[in-house]
Amino acid sequence: MGEDNVDNTELPHVPSKVEESDEILPVVDAPQEGKEVVVKEKRKMASLCKLFSMMDGLDVFVLTLGMIGAIGNGVSQPLMCIVFGDLIDGMGLSGATPPNFATMTPEQMQAYMDNAMSGMMDEMNR
């Protein structure tokens with residue numbers, strides 16, 4: 001078995017990641033002969049006031065509707081916490097001794113739930 005002539009010299013180090021200090025340059029196609037190179041100028045960024053001044057009626061309506069929806073979405077979580085907190089409080093404060101739910105009949109359970117709901121409604125109407 002003959003060994004192939006293999007060069008055992010070390011290969012140069014090739015980084016696996018681009019380091020932060022390395023600059024990444026864009027690839028630009030070379031211009032072809034006879035064709036003129038067109039350089040596009042970068043447009044100036046518009047200010048926020050300029051953007052809002054260019055809105056028409058439909059844009060104002062959609063933006064307002066989105067703002068109202070965002071406010072409603074933000075208010076719903078604390079509101080639900082208050083409502084469910086009152087519901088749990090109403091169920092816990094209905095009697096001096098906690099009932100034994102395992103031995104309740106369906107009629108007793110319904111009466112207990114009605115009492116808890118009426119207590120919660122009384123608290124909400126105050």
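Author: Buried means under 20% relative accessible area, exposed over 50%, and partly exposed in between (1.4 Å probe, protein chains only). This is a predicted model, in which local features need pLDDT of at least 70, side-chain atom pairs count only at pLDDT 80 or more, and totals for chains, interfaces and linings use all residues. Residues are numbered from 1 along each chain as its sequence is written, and side-chain values use heavy atoms, without hydrogens and water.

Reader: Why is Leu79 called partly exposed?

Author: Leu79 has a relative accessible area of 47%.

Reader: Which residues make the nonpolar surface patch?

Author: Ile71, Val75, Leu79, Val83, Met121 and Met124 make a patch of about 530 Å². Patch residues have over 30% relative accessible area and no salt bridge, with like charges joined within 9 Å and nonpolar side chains (Val, Leu, Ile, Met, Phe, Trp, Tyr) within 5 Å. A salt bridge is a side-chain nitrogen of Lys or Arg within 4 Å of a carboxyl oxygen of Asp or Glu. Helix H2 (57-92) gives the most, with 4 residues.

Reader: Why does the span of H3 agree with its 20 residues?

Author: The expected span is 1.5 Å times one less than the number of residues. For H3 that gives 28 Å, and its end C-alpha atoms are 28 Å apart, so the two agree.

Reader: What is buried in H3?

Author: Tyr112, Ala116 and Met120 are buried in H3. Seen down the axis, the buried residues of H3 fall within an arc of 70°, so they line one face of the helix.

Notes
Areas by Shrake-Rupley, 256 points an atom, 1.4 Å probe, with all protein chains shown as cover. Helix = DSSP H or I, 4+ residues; strand = E, 2+ residues; numbered from the N terminus. Arc of directions from axis to C-beta.
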